[in-house]
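Take a look at the fold shown here. The walk goes from the whole chain to its strands, then to its helices and loops.

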Amino acid sequence: MKKIAVWLLGGLLAITGCQRPTLRETEMPGESQSVYYWRTDLSLDSAERAFLRAHNINKVYCRYFDVVMKTPGDGSLEDGDSKPGGSEPEPMPNATLTFSDTLPEGVELVPTIFITEDCMHKPHPGLAEKLVRRICQMNETNDIRGVREIQIDCDYTARSRQVYYDFLEEVRSSLTSHSSSLISTTIRLHQLQMPAPPADYGVLMLYNTGDPQRFMERNPILDLRDVAPYLRWLNGYDLPLAAAYPVYSWQRQIHGVRIEHTVKADEILRVKEAVEAKRQELRRHIVTYHLDQENINRYQPETYEAIYHH
């Protein structure tokens, strides 16, 4: 098992894992059936590999690590690192992916980084360069080749939007100094009301759309009634978009009672029909969240075929 255990190494890094792509930076990728991989170890069982083959999955958005606000010296840094206490919180990596396995040949891997919104409350000089270096070193250490895109996932708000957009520009600049990669970002429904970010395209997250406190009225994972108010911004949104749909369940305790939320196949397909009616582009590049044997078994193969149908 291989693993990268540092936030940033000093000096020049080997960066052959971030290679020059053949796509132009402004070109939207073509038709694609994709999945998110959101676990802390890359390891595929036979059912997951069979799923990739059966549904012609050609791209996996693979979460490499999170970036969260931590106070140096609070005991929460990765891999035994430590710094003197008393410092201000700063963005640090968390829950780094290990690589026990590789993706099947011909399946593109997209390093995906989740950044908590509070990391974008103010600028952090050098953060973009650190992030790019860490991705490239993880690729090099684990012999991940042919990477031509990275994705940044952040639930930015009106407060953090400008800092986040500036950060994306810095990421692009850092990538250009190393290689020439595409940048994608996630787009939540509420973010459709804002100016588009400086990315090559966005993945519209059609999940976690509702208020968990209203679970008796609507499914908080996905309900067309929660999506419908945002459809008016779809057609004019100035960024190429892919669409991501939920295939997971959500379990939680409410007043001591275990509640499990799942989305009926019909509801996913109703939302898919509604968003594609407003923006046909959304049928070309489709993602499901996320790859896991339990999620595979939750729906019939015919449901997945309908979700991925172009």
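What follows moves from overall counts to single residues.

This is a predicted model: local features need pLDDT of at least 70, side-chain atom pairs count only at pLDDT 80 or more, and totals for chains, interfaces and linings use all residues. Numbering runs from 1 along each chain as its sequence is written, and side-chain values use heavy atoms, with hydrogens and water left out.

Start with the whole chain. The protein chain holds 7 helices and 13 strands. Both are DSSP runs, numbered from the N terminus: helices are H or I with at least four residues, strands E with at least two. Of the 310 residues, 52% count as buried. Buried means under 20% relative accessible area, exposed means over 50%, and partly exposed is in between, with a 1.4 Å probe and protein chains only. Contact means heavy atoms within 4.5 Å. Among contacts between residues at least 6 apart in sequence, 78% join residues at least 24 apart.

Now follow a run of paired strands. Two strands pair if DSSP finds at least two bridges between them. Strand S7 (residues 149-153) pairs with S8 in the parallel sense, over 4 bridges. Ile 152 has Thr 185 in S8 as its bridge partner. Strand S8 (residues 182-187) in turn pairs with S9, again in the parallel sense and over 4 bridges. Here Ser 184 has Tyr 201 in S9 as its bridge partner, and Ile 187 stands opposite Leu 204 in S9. S9 then pairs with strand S10 (residues 241-246), parallel over 4 bridges. Val 203 stands opposite Ala 242 in S10.

How are the faces of these strands covered? In a regular strand the side chains alternate between the two faces of the sheet. In S8, 6 of 6 residues are buried. Leu 182, Ser 184 and Thr 186 lie on one side, and Ile 183, Thr 185 and Ile 187 on the other. Strand S9 (residues 201-205) is mostly covered too, with 5 of its 5 residues buried. Tyr 201, Val 203 and Met 205 point one way from S9, while Gly 202 and Leu 204 point the other way.

Turn to helix H7 (residues 301-308). Its buried residues are Thr 303, Tyr 304, Ile 307 and Tyr 308. Seen down the axis of H7, they fall within an arc of 125 degrees, so they line one face of the helix. The arc is that of the directions from the helix axis to the C-beta atoms. What do the buried residues of H7 pack against? Their partners are strand S1 (32-37), helix H1 (46-54), S10, helix H5 (265-278), strand S13 (285-289) and H6.

Two packed helices are described by the angle between their axes and the distance between the axes. The axes of H5 and H7 come within 10 Å and cross at roughly 10 degrees. That makes H5 roughly parallel to H7. Axes are lines fitted to C-alpha atoms, for helices over the stretch in contact, with angles from 0 to 180 degrees between N-to-C directions. Angles under 35 degrees count as roughly parallel. On the H5 side, Ala 265, Ile 268, Leu 269 and Lys 272 meet Thr 303, Ala 306 and Ile 307 in H7.

A cis peptide bond joins Tyr 289 and His 290, with omega about 0 degrees. His 290 is found in the loop between S13 and H6. Asp 292 lies in that loop as well. A polar atom of the Asp 292 side chain lies 2.9 Å from the backbone nitrogen of Glu 294. Leaving aside neighbours within four places in sequence, Asp 292 is in contact with Arg 39 and Glu 48.

Gln 293 lies in helix H6 (residues 293-298). Gln 293 is partly exposed, with a relative accessible area of 34%. Beyond its neighbours within four places in sequence, Gln 293 is in contact with Asp 45, Ala 47 and Glu 48.

Finally, check the backbone at Asp 143. Its phi is positive, about 55 degrees, although Asp 143 is not a glycine. Asp 143 is found in the loop between helix H2 (127-141) and S7.

Note on methods: Angles under 35 degrees count as roughly parallel, over 145 as roughly antiparallel, 65 to 115 as roughly perpendicular and the rest as oblique. A polar contact is a pair of N or O atoms within 3.5 Å; within protein, one must be able to donate a hydrogen and the other to accept it, and residues adjacent in sequence count only if both atoms are side-chain atoms.
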